[in-house]
Amino acid sequence: MSDSPNPLPFESFMNPGLGKYARVYRESIDNPEKFYSDAGWILDWYSKWDSIIDKSGEPYYRWYVNGKLNLSYNAVDRHANGIRRNKAAYIWVDEKGNEKIVTYRGLYKRVNALAKALLEMGIRKGDRIAIYLPMIIEEPVAMLAAARIGAVFTVIFSGFGAEAIADRVNDCGAKLMITADGGFRRGKIIPLKETVDRALELTKTVESVIVVKHTGNEINMTEGRDYWYHDIIREKDYVEPERMDSNDPLFILYTSGTTGKPKGVVHGNGGYGVWVTNTLKWAFDPQESDRWWCAADIGWITGHSYIVFAPLILGLTSILYEGSFDYPTPDQIWKIISYYEVDILYTSPTAIRALMKYGDEYPKNHNLSSLRVLGSVGEPINPVAWEWYYEKIGNSQCPVIDTYWQTETGGFVISPAIGIGVAPLKPGSATLPLPGIEPVIIDQSGKEAENGEKGFLFLKRPWPGLMIGLNKDDQKYRSLYFGKMSNAYFTGDYAVKDKDGYFWLLGRADEVLKVSGHRIGTIEVEDALLSTGLVAEAGVFGKTHQVKGESIVSFLVLGSGTSLDSAVDTIKNGIRRNFGSLLVPDEIHIVGSLPKTRSGKIMRRIIKAVYQDQIPGDVTTLESEASVEEIKEAIDKFKKELKASGNSRQRSQ
């Protein structure tokens, strides 16, 4: 991070600039009761709340106390029975170009039909159900049907294996599972039902399984337990939405859990619904006619909040895509944007960097002029990737909304906010806090850090989107999130605030490197590597060093057209010249690909585990396990070269 380059002159799409943002933000801090009361009316309520917030159970906060509502009604009914009834809620498309358009009225019918089937199968308010589906229309339908009857759902990412499914089902006690015969990925069928069958051998609570026929491949159906989706659905069914308390649980979503048992994050109905809907409006300013593409997976919080609930509550049209962005050709994502005239694209830095590898010609060959706003999610976006995204995809006309948030926060907490006016953007910075959010950076000694000084990021006051707890783990909720600073939420991230008050995220706090007495975020090193112009992707970690404390190890994917000859020396010299020797990695290993999840995150823990000859753990979420083998080969080659150079020195002596 640095204060340069200077903020870009984005006055053309500021609305009308920092003045409005500052006023709205100040109102949210000075008069939160009024601010959150006004924000609450973005939803329809059966009965109004008694008070905005109850802090008596700190750090468990309760929002819109005793208010009654239903998020399925808010997402579906109020559009399906009004002027948006024939508007597309989802345009579903897959890798083969198959298309399905579902209107708000059509979505309403599907949700009611499944809700009725769930009731007939004995599911009631408060029961838990698990959803393990590919990116098909039935996935949001299942979530909304559960929300309609008050069942608490847990969506399990379709890349997880049997043991990961069983862990989640056992923790939440799901009575019913909704899955599919399979899903499609890079031209292959992913056998989802087969995986569920193995998982259920390790569980005891699931009584019924509903199966969507999607791929048509043969599967086993257990009589008395398994039911075809199409056999239990009746089109004319209607279910009166359950009147849910604002603080009743809506869903449980398990964090990936790099070590140990995954955490079951619980979100409620009212506060979560208010927060995600408002933050989408604040950050992206979507318009009635927009086609919104949150290019994430519904199995993660990004999909819950910004593919399902917020866009539907706002009555938007969303693209829902089953497949990889670069399959069957590297320009798949640009084809979809061009064909469907997408207005807003929201994707991950990892996806952006992966697409950069293919060069500028692919996006150049498609008409991307419909794009008005670009967004980034999942991890800090490197300035180099930010600038490519802005210049090559947005034609230097679209603001890049770099959103910082977590599963636990429900929705964005630090982000540009073109819906309420925002300061000029800086490539690589998530900019400023959203209304109601008060971030603070704490240094090693526990004091508030000065501007420009790195430290740990805390959020000092609660907000409606904050999780209402962890499933069956009160002790971890209190100690992990609120045990480090009195009544302040610990994000677990390392960050710095610059002289203009902009926030820069530097990676997870437990990934911070300590090199020669200096604390360095992994993102800082990766940014430096990408800035050389030779590197497309980078994964960095530290290893013990007797003198430095830690030394920096990096695995890199080179950009297209970069020659392997002299690349390592050129990269090191470029970093040394522009950032200083402290950020120069001690080891640079060149590989063809890095291990990434199907949601696009680089799995640094797997890289480090392979490097240290440890078992890498669960790799079922990886886009390609071949990348792990490439890293093993690079390490073996490095060891052989070290051994050879050592023998050579001995001979020369």
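1. Let me start with a cavity. Strand S2 (60-65), strand S15 (264-268) and helix H9 (270-284) each supply at least two residues to the lining of the largest cavity. Helix H9 gives the most to this lining, with 3 residues. The helices (H or I, at least four residues) and strands (E, at least two) named in this note are DSSP runs, numbered from the N terminus.

2. A word on what you are looking at: this is a predicted model, in which local features need pLDDT of at least 70 and side-chain atom pairs count only at pLDDT 80 or more, while totals for chains, interfaces and linings use all residues. Residues are numbered from 1 along each chain as its sequence is written, and side-chain values use heavy atoms, with hydrogens and water left out.

3. Of the 14 residues that line the largest cavity, Asn247, Gly271, Tyr272, Pro464 and Ile468 are the closest to its centre. By class, its lining has 6 nonpolar, 8 polar and no charged residues. Here Ala, Val, Leu, Ile, Met, Phe, Trp, Tyr, Cys and Pro count as nonpolar, Asp, Glu, Lys and Arg as charged, and the others, Gly among them, as polar. A cavity is a set of points on a 1 Å grid over the protein atoms alone where a 1.4 Å probe fits but cannot get out, and lining residues have an atom within 4 Å of a point.

4. Strand S1 (residues 51-57) and S2 run antiparallel and are joined by 4 bridges. Serine 51 has valine 65 in S2 as its bridge partner. Two strands pair if DSSP finds at least two bridges between them.

5. Now for an open sheet of 7 strands, in the order S5-S4-S17-S16-S18-S19-S20 and with mixed pairing. Its edge strands are S5 (99-103) and S20 (400-402), each pairing on one side only. On average, neighbouring strands of this sheet are turned by 20° against each other, direction ignored. Within the sheet, strand S16 (residues 291-294) and strand S18 (residues 344-347) run parallel and are joined by 3 bridges. Tryptophan 293 stands opposite leucine 345 in S18.

6. Have a look at the stretch around helix H11. Proline 328 sits in the loop between strand S17 (317-322) and H11. Proline 328 is partly exposed because its relative accessible area is 47%; buried means under 20%, exposed over 50%, and partly exposed in between (1.4 Å probe, protein chains only). The C-alpha atoms of proline 328 and lysine 96 are separated by 8.1 Å, although the two are 232 residues apart along the chain. In helix H11 (residues 332-340), the buried residues are Gln332, Ile333, Trp334, Ile336, Ile337 and Tyr340. Just after H11, glutamate 341 takes a positive phi of about 50°.

7. Glutamate 448 is in the loop between strand S21 (439-442) and strand S22 (455-459), and counts as exposed because its relative accessibility is 51%. Neighbours within four places in sequence aside, glutamate 448 is in contact (heavy atoms within 4.5 Å) with Val440, Ile441 and Ile442. Lysine 460 lies in the loop between S22 and strand S23 (469-470). At 37% relative accessibility, lysine 460 counts as partly exposed. Lysine 460 and asparagine 487 are 27 residues apart in sequence, and 7.1 Å apart in space from C-alpha to C-alpha.

8. Last, an open sheet of 3 strands has the order S28-S29-S30 and mixed pairing. Strand S28 (535-545) and strand S30 (587-590) are its edges, each pairing on one side only. The twist averages 20° from one strand to the next. Strand S29 (residues 549-558) pairs with S30 in the parallel sense over 4 bridges, and valine 553 has glutamate 587 as its bridge partner in S30. Helix H16 (residues 522-531) lies across S28 and S29, running at about 135° to S28. Axes are lines fitted to C-alpha atoms, for helices over the stretch in contact, and angles run from 0 to 180 degrees between N-to-C directions.

Methods: 1 Å grid on protein atoms, 1.4 Å probe; cavity = no way out; pocket = protein on both sides within 12 Å on 5 of 7 lines; lining within 4 Å.
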